[in-house]
Amino acid sequence: MPREADPSNNEREFVLSALRENVRLDGRAFDQFRDVDLAFGEEYGAADVRIGKTRVMVKISAEVVTPYADRKFDGIFTISTELSPIASPAFEVGRQDQTEILLSRLLEKTIRRSGALDTESLCIIAGQKCFHIRADVHVLDYDGNIADASCLALVAALMHFRRPDVEVHGEDVTVFGLREREPIKLQMQHQPFCITTSYFDGGEVMLHDASLLEEQCREGEVIISINRFGEVCQISKYGGPPIDGLSILTCTNMALEKAKMLDKVVKAKLEEDEKKRDKGGLMAELRADNEREQG
Amino acid sequence: MADTAILLPGEEVLSESLPKSKKGTLTLGPGLRHIPPSTILSTTSGTLHVDHKKAALWIEHAHGRYLPAVGDLVIAQIHHSSAEAYACSLTPNTPFALLGQLAFEGANKKTRPQLKAGDLVYARIVKASKWEDTEIECYNSSTGKAEGMGPLSGGMAFDVSPAFARRLMMGTDKNGKQKGEVVVLEEVGEKVRFEVAVGRNGKVWVDSGSVKETVVIGRLLKEADESGLDVEAQRKAIKKALKEVGK
Amino acid sequence: MPLDSSTYALAHLRVDGRRWKELRRIHGQMSTQAAADGSSYFEMGNTKIICTVLGPRQPTKSGGRDQSREAIIEVEIGVAGFSGMDRKKRSRNDKRTQEMQYTISSAFASTVFTSQYPHSTITIVLHVLSQDGALLAACINAATLALIDAGVPMQDYIAACTTGSTASYASNDEDADPLLDLNGMEELELPFLTMGTSGGEDKVNVLVMETRIQMPRLEAMVSVGLDGCKQVRNILDGIVREHGKKLLSSR
């Protein structure tokens, strides 16, 4: 099984001694994120997030299926994650390693279990037809902090996505194409964001948005998912050296700040995207003399 | 480096860009292929470089991972040790290079450096072939002298691209100008004292004794590498960065 | 089957008659399996776990040369089909189980002196016989006992318990009470977290929460959890001492 190459002893010691002097290798403050860049695709529901050199792409798709027998009034929402060798030679195709399982569990807990997406609104005819919303998370480049990046991309993609409109006449369901009728936004109840805090020296040093090297040197991490209203959706501190109970509460407070920051980024980018798409309604789009897109 | 041209794979090297000296045979460097009778094709994309005096031409490119070549100085990381050799990694996820337990200056069975997994050494490649393990050593086996090689302790190893590492090692021409057009180490060296080792495998080890200065040097190197700064821009960045650490 | 937690406000008694800060009955035994290097049986209310520890021993999985300077801790969790309310087979590759295995192994990796056993593996095997809430906490406690029985050097016990809050996540009522050690029914209904501490002095080793909750609730839950873990620790300590006495007297 290939593994991410371990950093050398020199690098490990240097990173630690630098952190003790309040210096990060890339000159950031401890709680500072790298540049967060979010871009949407041509289609609805494609989001591409870059945090520093880490890059994650999410695509949402919808299809009409029969709901689960035990959940007749709910639509289906699944998240699939993929860490392929495109991100790093340490990942293998078709084989789930620890990182991938933890990442998919994390997204599951953050987005699905916290009820971020209202699955009841995906029901078309109870017990017969519903939408299956599928989110594919692809990590394209791995330089640490994939949890935060994936969660951000997933939330942004869900907010960007539009599902086709449907009409129900008794038992008959008509699904309208994107051209026929304005597609409909998904109903999001809240937007949670994952914030990973890496700690060193038993909680003396706390870092946000650790790079790969910092992740390899850290003692442990606390991953907190929180929305801008201060609702904590999930906390995971899987083992690692013990830290004060109080520091975990401090982590949550810091995470709230960061979640608000990411929330603003997503909102601003969505607005920007909407403006770009808005050509003045369907009629304006159908006019013969509209501007052709430059190929 | 006035006469450089960009070549794409499969492109022919025009006869006017061949070395002008008549004597001696033409030497083809990496990235070029001779197709008899008189065609020279490039096998990769990059810039064509010509040395008229030595009648040599080669292609410089900034992609791909490092491939070991005999005589290259590299920074290797010990992975594990066996009875007669240390297995070292030059680049991640590639076969290990072997470093003999006694391939150090003044080493014999009783006194030899005890290296742990994860330690760094500055070494020279003595054997590189497709079919066998790469071998490296930390001394010049013909003279028995270390010549600056050996274990690296402290400091920090920064990752740069192999092409940038090569540029760092090109040295100066007769006017004292940097052939590789990287002035970071020299310019910073006027203000800050530090030790440095450049490995062709894309690693630069820096130790200035102070964390802040070392970080600044690393950052300048990475910036010059990744954003392709020219000499002027490098000088500007250096001035700004040195001001920050109070030099 | 939703649990009617509204009655709590009237008598301040929970569905099983406990007060807010009461643990369920905890019972533990050590050296229950003769074949293993260390073993334990642990009950937290109706959650019942058997744990065996194998090792430290040579790695059995042939993963090439093992050059690690520290012992690797492997955890296997088997959930019996009859352990829950409805008979459901949970596969070994279930992501939730794998996450729990990872949590337990990394929790103990920082408490066990792994550097004393280079090139070796310690395997913790957990069998869940019956589930009624606090599954992860019970697993951690059982593993602590079994590791002590196996004589693996550790810095401290890892003692774990769960805490919840009577506030459902939607409401932000100020007078919501924190609850200690939720049972299975309460876990379905109320937000809760699992916490494991070691080293005393309120040091948190493991903290896992999966349900949505208002941030101000968290503080109360964490402090009740710390207190609960202290109680569990004392009980574990009692079990170990009891076992030690028995061993000495049987000589």
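**View 1. Chain A as a whole.** Buried residues make up 44% of the 295 residues in chain A; here a residue is buried if 20 or more other C-beta atoms, placed from the backbone, lie within 10 Å of its own, exposed if 12 or fewer, and partly exposed in between. Keep in mind that this is a predicted model: local features need pLDDT of at least 70 and side-chain atom pairs count only at pLDDT 80 or more, while totals for chains, interfaces and linings use all residues. As for labels, residues are numbered from 1 along each chain as its sequence is written, and chains are lettered from A and ligands numbered from 1 in the order in which they are written. Along its principal axes, the C-alpha atoms of chain A fill a box of roughly 65 × 50 × 40 Å.

**View 2. Secondary structure and contacts in chain A.** You'll find six helices and 15 strands in chain A; these are DSSP runs, numbered from the N terminus, with helices being H or I of at least four residues and strands E of at least two. Of the contacts in chain A between residues at least 6 apart in sequence, 71% join residues at least 24 apart (contact: C-beta atoms, placed from the backbone, within 7 Å).

**View 3. Where chain C touches chain A.** Here 31 residues of chain C are in contact with 28 residues of chain A. On the chain C side, the elements giving two or more residues are α2 (95-109), β8 (192-197), β9 (203-209), β10 (213-214) and α5 (215-249). α2(C) gives the most to this side, with eight residues.

**View 4. A strand pair across the two chains.** Strand β14 (residues 231-237) of chain A and β9(C) run antiparallel, joined by three bridges; strands pair if DSSP finds at least two bridges between them. I235(A) stands opposite M209(C) in β9(C).

**View 5. Domains 2 and 3 of chain B.** Chain B is assigned domain 1 (5-60), domain 2 (73-153) and domain 3 (158-244), with bounds from an automatic or database domain assignment. The centres of domain 2 of chain B and domain 3 of chain B, taken over C-alpha atoms, are separated by 25 Å. Their contact takes eight residues from domain 2 of chain B and six residues from domain 3 of chain B.

Terms used. Two residues are in contact if their C-beta atoms, placed from the backbone, lie within 7 Å.
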